[in-house]
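Q: I'm new to this one and would like a close look at a single part of it. Could you walk me through it in plain words?
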Amino acid sequence: MMDVGRHSKINLLTYSEIENIGGYIGNFQVTVRKKARYVDEKECNACAECEKVCPVVAADEFQEGFSSRKAIYMPFPQAVPSVYILDDKDCLGHNPIACGKCADVCEKNCIDFDMKDEIINLNVGAVITATGMDVYDPTEMDEYGYTQYENVVTSMEFERLISAGGPTEGHFIRPTDRKTPKRIAFIQCVGSRSNSPIGNPYCSNICCMNTIKDSLLLMDHYPGTEITVFYIDIRAFGKGFEDLFQRSKQAGVKYIRGLPGEIFEDPKTKNLTMLVEDTVANSVTDFEFDLVVLSVGVIPRRDSDLIQRLLTLSRTTDGFFMESHPKLKPVDAPTGGVFLAGCAESPKDVKDSVTQASAAAARAQILLNAGKINVEAITSQVLTDFCTGCQVCVKVCPFHAITGGDAKLKIPVEVVEAACQGCGTCAAECNFDALLMKHFEDEQIMSQIDAITGENAADKVVAFACNWCSYGGADLAGLSRMQYPTSQRVIKTMCSGRVDSKFVLHAFENGAPIVLVSGCHYADCHYIDANRWTVKRVDKLWDKMERLGIRPERLQLEWISAAEGQKWANTMKDLEKMREQVTQEEIEHAMSVLKEDREKAEAKKKKKAEKKTPVKEIPIEASA
Amino acid sequence: MKNKMRIGVFVCECGSNIAGSLDCEAVRDYAAGLPDVVCSVVNKYTCAEPGQQEIQKYIKEYDLNRVVVASCSPRMHEPTFRNCVAEAGLNPYLMDMANIREHCSWAHLDNWDGATEKAKDIVKVSVARTRYLRPQEETQLPVIKEVLVVGGGVAGIQASLDLADAGYQVNLVEKEASIGGLMAALDKTYPTMDCSI
C-alpha cells in the first residue's frame, strides 16, 4: 500500500468517483470527481491535533462500529494517503459559534471548510476494473439472530475483534459482557450455496479457508478454546490449504457437517443455543456457545451498475462481471481495452486477486507496448449520390460520428471514420439507402435471408443477433450444451440497431414464419443506446404488420446478454412453439401483402427517381 | 461482376465436437454443390497448423477469392482465420465463418439428421454472404500510454504497481478515503497467516 502512495508513476486519486467514461480501446476519456475531503492532502502531516479537539463522536466504520471516531479522522492507522478526512455529514460546520475547533489547532492550516469537489479529466489507453466485492448482509437471514443477539457476529466483525489494531487491541471479547468467550461456533455458507430466495446460489470461495484461519488464530491466542465449525463441505483446495485444515483439526477444532436451523439466546447468560443434525454421525445434538460467528459470503459490489454501464460490461447470473471467455480470456472484458482484476470478476482470496491483477496488468501492457491498435474496418460510408442531406443519420448516431448534411441545399452528410464504431444504426434508419455499412451491407444481409428462406422457409426461424450480447448468448448456450430445436438460423449484425425494417419484411415476404430481433439489454448496448432505435423500429414494424393483417407476434424482440445462454435456449424453444402455430395461410397472406406493399413503394420511388439523374452503385468485384 | 467467384469451403470436425453430432462429410458434399464453390474439404481441426496450411494451400491451388470456414464461433477464431487467409494473400474480410459448433453441433447433441441439415443450411447462408463481401482495409489508431485503474483494493494495488513499474503512467481511482479495500480490514490472511497490509 505504501508503495502506491510513493510511486512516481502512480497518480493516486482517493475519495474519488468515476463520473463518465467515453471513447474506445486505446483512447478513453475519463471524468473523475475528486470529492472534497476538507483537508489539504499535500499539507496534512497526520499530527492528530484536530482529532483531539473535535467534539463529535461517530461510529467508526472501519472497526465495524465497535468503536468510535471523530468527525475529522484518519480512516485507519495505515491509511494511504496518510491524511485526515472531515466527514461533512458529522461535522458541526465552520461557523465559529458552532465549532471550527479543528481549524484553530491545525498549525499547517490545512483544514478548508470551503473546499469544493474537483473534476479531473483523464485520457487513457486501457482500463483495469478492480472494483472488488461487498460482504453479504446477514440481516435478511434472521433465523441466525444476527439482528437480535449481540453475541452473534459476522466474520468481518470477528476480524476487527481479534486484530491488534482493532477496538479491543486484539483482546478477543464478546459484545455482551466483554469477557473472552470459551465456546465459539462458526457457521459456514451464510448467504452462500443457498437455494432459497435469501442468499446466493454460488460458493463464495474464501469463507472455508477464512474460518480455518480464524480458528487457528484463536487457538494460538487462547489455547483451549472450544471451537466448533458447522459446514456443508469444507473446500480447502488451494496450495497449502489442506495443510492448514489438518492443522486446525489437530489443534482441536471440531468440524461438524450440518448447519443449525435456528439460534436461540438465553436471556440471562446471553449464551446461544442451537440444534444441529450432524449428517456424518447421523445424530441430532443440542449445542451451547458463548459466541457465534457467521461466516458470511461475498456478493458483487452493490454499486456495480455505473461501471457496468460506462464500460459496457456484462454480468454473469451471479452478478459478477463477465470475462471475454471463461477459459481462454479470463481477464479481458468483452469491451476492447478493458481488463478485469480481483473480486469484480468473481469471489477470490488475496493470492488469486494478486495473480489476476498481474495478469490484467500484463494484458494491458501488450496493448500499451504496441502503441497502436488495428481497428476493424466495420464503419459506415456515405454514398453521396443517394444522400439527400435529410440528417436522420446525424440524429441517430450514438457517437456523433456523422456531421453536416443539408436537405435544402442537397449537401450530403459526412462520416467521421475514427469516431464511427460500426453499429449500423444509420444504415438501418436511412430511407434512401445512402449509407453503406461496411461488412454488414444490405446485399450481404439480404443474401443471407434469401439463403435461409430459399428452401423450406416455413420450417425456420430467422434470428437476428447482435455480435456482443445475443450472439454471445447463443454461443454460451452451445458451450453449456443447452439443447434446443434446430429450426433457428442466426444472422449476426454488430448491433441490433443495424436490423433494417426491410430485412424483417424481406424475411416475411420470403415466407419466414417467425423473425427474432435480439440484442443487448436496454442499458447494456455496446453502442451507448443504439438499441433505442431498434425498439422504435420494431414498434413501427408491429404497427405495420397489424395494418397489413399480419400477426405482430410473428416478429419477436428479445434482449439476451452474452451471459444468458439459458435465456437464448429458452427463447429458441418458445420460438419453435410459435413457429408451429403459424399456419400456411398466414404465411402466404403475409407474402402476398408484403409483396404488394413493396412493389407499390418501389413504383413510387421509381417515379420520383425518373425525375432525377441516375445514380451509380459501387460494384462488387470477385477478385480481392 | 468482373471475374468469376471461386469459393472454398472448409468444414471442421473439431475432433468429435462437431463430427460427433453431425455428418461433416455430408456437409462438405452439400457445400461442393453450391454455386461457385470450387473446393470443399473436411479437416480434423481447421484451426490447428495443418488445417490452416490446407486453407492456404487451397487458396493458391484453386486461386480462391472467397473462403468459408465452417467451424466454431467467429467470436472464438475469426482473428485466427483472418490472419490465415491474409498470409495466403487474400484480404481477411473475404473470409466468413459458418458457426456449426456453438450454434449447431453442441446445441443439438442427439439430433444427427436435424443438426446435419441445419449445418448444411448454415454453410449455404455463409456461402451466399461471401459472394457479396468486399475487401476492407483496417485503420490503425494510436494507443495512449496511460492507464486507469478503478478500485484500490488488493487487485487494483497490484495492477497499478505492475503497470507503474513497467513505466506506464497509472491513474488509480478509489472511492474511499484510503486504498486497501476489504483486505485492509482483515487481521491476518491465509495461507501464510500474516498481516494483510
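To get my bearings, how many helices and strands does the secondary structure of chain A come to? And after that, which residues gather in a patch of positive charge on the surface?

A: Happy to! Keep in mind that this is a predicted model. Chain A comes to 16 helices and 29 strands, and its C-alpha trace spans about 95 × 70 × 45 Å along the principal axes. Of its 624 residues, 53% are buried.

Now for your patch. A:Lys604, A:Lys607, A:Lys608 and A:Lys611 are the residues that gather there, making a patch of positive charge on the surface. Take A:Lys611: you'll find this residue in the segment after helix H16 (584–610) of chain A. A:Lys611 has a relative accessible area of 75%, so it counts as exposed.

Helix H16 also holds a charge that has found a partner. A:Glu586 forms a salt bridge with A:Arg551, and their closest N and O atoms are 2.8 Å apart. A:Glu586 lies in helix H16 while A:Arg551 lies in the loop between helix H14 (531–547) and strand E29 (555–559), so the pair ties together parts of chain A that are 35 residues apart in sequence. A:Arg551 is partly exposed, at 32% relative accessibility. Over all chains, the structure holds 56 salt bridges.

Technical notes: Residues are numbered from 1 along each chain as its sequence is written. Chains are lettered from A and ligands numbered from 1 in the order in which they are written. This is a predicted model: local features need pLDDT of at least 70, side-chain atom pairs count only at pLDDT 80 or more; totals for chains, interfaces and linings use all residues. Side-chain values use heavy atoms; hydrogens and water are left out. Patches are made of residues with over 30% relative accessible area and no salt bridge: like charges are joined within 9 Å, nonpolar side chains (Val, Leu, Ile, Met, Phe, Trp, Tyr) within 5 Å. Accessible areas come from the Shrake-Rupley method with a 1.4 Å probe; for residues, only the protein chains shown count as cover. A salt bridge is a side-chain nitrogen of Lys or Arg within 4 Å of a carboxyl oxygen of Asp or Glu. Lys and Arg count as positive and Asp and Glu as negative; His and the chain ends are not counted. The place of a charge is taken as NZ of Lys, CZ of Arg, CG of Asp or CD of Glu. Helices (H or I, at least four residues) and strands (E, at least two) are DSSP runs, numbered from the N terminus. Buried means under 20% relative accessible area, exposed over 50%, partly exposed in between (1.4 Å probe, protein chains only).
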